[in-house]
Amino acid sequence: MDTNVMIAIVAIVVIAALLLIGGWWFGKSRKDAVTKSTEAAKAKADERLAQEGAANAPSGEQTKTEAEVPPAAPPQEPAPAPAVEVPESADSRIQRLKAKLAKSGNPFGKVLFNILAKDHLSESDWEDVEDTLLLADVGAEASEQLVEELRNDARISGQSDPAEVRKALRDKLLKLVGTDTDRRLNANKEGANKPSVIIMVGVNGTGKTTTAGKLSRLFVADGKRVMMGAADTFRAAAADQLETWGAKVGVPVVRSDKDGADPASVAFEASEQAKEAHADVLIIDTAGRLQNKANLMDELGKIRRVTEKNLPVDEVLLVLDATTGQNGMAQAKVFAEAIGITGVVLSKLDGSAKGGIVISVQKELGVPVKLVGLGEGPDDLAPFDPEGFVDGILA
């Protein structure tokens with residue numbers, strides 16, 4: 001074989017080997033570069049995640065990867081506070097209750113007017129007038145006085161003018177009810193004590209605890225700071241009732257943590273807290289059971305005495321059910337003797353022909369009717385307005 005040919009073959013083989021070795025080396029270098037680039041990018045990403053985790057993690061806790069950190073719980077909104085009601089104002093109540101009284105069933109004033117509007121009244125007519133007054137619980141003495149005055153009124157005797165008869169009857173009834181009497185609650189008078197203490201008394205079933213709750217709303221409507229004491233520990237639901245009434249208008253209630261506790265101790269604690277809280281009014285509800293006169297006097301007397309160790313008692317309100325009429329007068333007198341009342345609250349005066357109880361209770365007890373209840377609504381308690389009452393029963 002020619003020497004030149006041999007040299008050419010060797011050269012080709014060497015060149016081919018060099019190309020193969022160069023290709024392998026180039027591929028390896030490229031793969032290493034890609035691997036290093038990938039590892040560098042991953043390292044940077046891990047470093048960035050670690051820095052973000054350290055910034056968000058609480059101090060002292062080990063940083064966790066994104067996959068290990070549980071999703072954050074959505075923030076919980078605070079529970080809304082219960083809405084506090086705004087009670088109706090006293091002036092608005094008087095007008096509304098006057099209208100309700102005018103629509104109530106069989107007000108005795110209308111019956112009287114229909115009799116007196118007749119011409120030339122007979123003895124039988126005058127007997128009907130007196131019977132109507134007695135049935136309306138005006139009372140025997142007051143009825144006799146009113147009949148006598150009506151008989152002697154020239155506007156009624158002889159030929160009757162309905163307008164004049166109405167005016168005469170209105171004048172006589174207003175005189176009996178009393179227009180010059182100071183019916184303001186002592187807490188509303190100038191220079192009243194603060195806190196002004198009111199003790200609620202009355203037989204169970206007259207609406208005493210409910211009236212205490214409604215009275216708190218009346219004071220709140222006047223912008224006063226009120227507190228209540230649940231000293232009726234004999235009836236288990238009484239304190240719960242008061243708390244329900246108080247919660248609606250933001251009035252705190254002091255009560256015992258156990259049933260059957262000493263009512264005087266509750267009254268003492270309530271007076272102490274009302275004094276510390278600088279309340280304007282403290283209303284103390286008491287038990288209405290009437291086991292015997294001596295027992296009642298002892299319990300109510302003790303409640304008043306221990307309360308007055310902290311605060312003077314400015315008012316004792318007797319709650320009477322107007323529908324019981326004269327039947328409730330004997331019990332009313334017992335309460336009056338037991339604790340000394342300063343005013344009367346007549347509940348359930350709506351829908352009754354017993355409106356005359358306003359006249360007889362004042363005459364028998366010698367204290368004014370200060371508040372009247374004419375319905376089941378929370379604001380169906382209003383200051384007693386003599387003219388509104390008489391106009392209502394004559395409407």
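Q: Is A277 buried or exposed, or something in between, and why?
A: Buried means under 20% relative accessible area, exposed over 50%, and partly exposed in between (1.4 Å probe, protein chains only). A277 has 44% relative accessibility, so A277 counts as partly exposed. Keep in mind that this is a predicted model, where local features need pLDDT of at least 70, side-chain atom pairs count only at pLDDT 80 or more, and totals for chains, interfaces and linings use all residues. Residues are numbered from 1 along each chain as its sequence is written, and side-chain values use heavy atoms, with hydrogens and water left out.

Q: Where does A277 sit?
A: Helices (H or I, at least four residues) and strands (E, at least two) are DSSP runs, numbered from the N terminus. A277 is in the loop between α9 (263-276) and β4 (281-286). Its C-alpha atom is 9.8 Å from that of V226, 51 residues apart along the chain.

Q: And E299, what is E299 in contact with beyond its sequence neighbours?
A: Contact means heavy atoms within 4.5 Å. Setting aside neighbours within four places in sequence, E299 touches P263, A287 and R289. E299 belongs to helix α10 (residues 293-307), and at 17% relative accessibility E299 counts as buried.

Q: How do the axes of α5 and α6 cross?
A: Axes are lines fitted to C-alpha atoms, for helices over the stretch in contact, and angles run from 0 to 180 degrees between N-to-C directions. Here α5 (residues 140-151) and α6 (residues 162-177) have axes that come within 11 Å and cross at roughly 150°. On the α5 side, the contact uses A142, Q145, L146, E149 and L150; α6 brings L169, K172, L173, K175 and L176.
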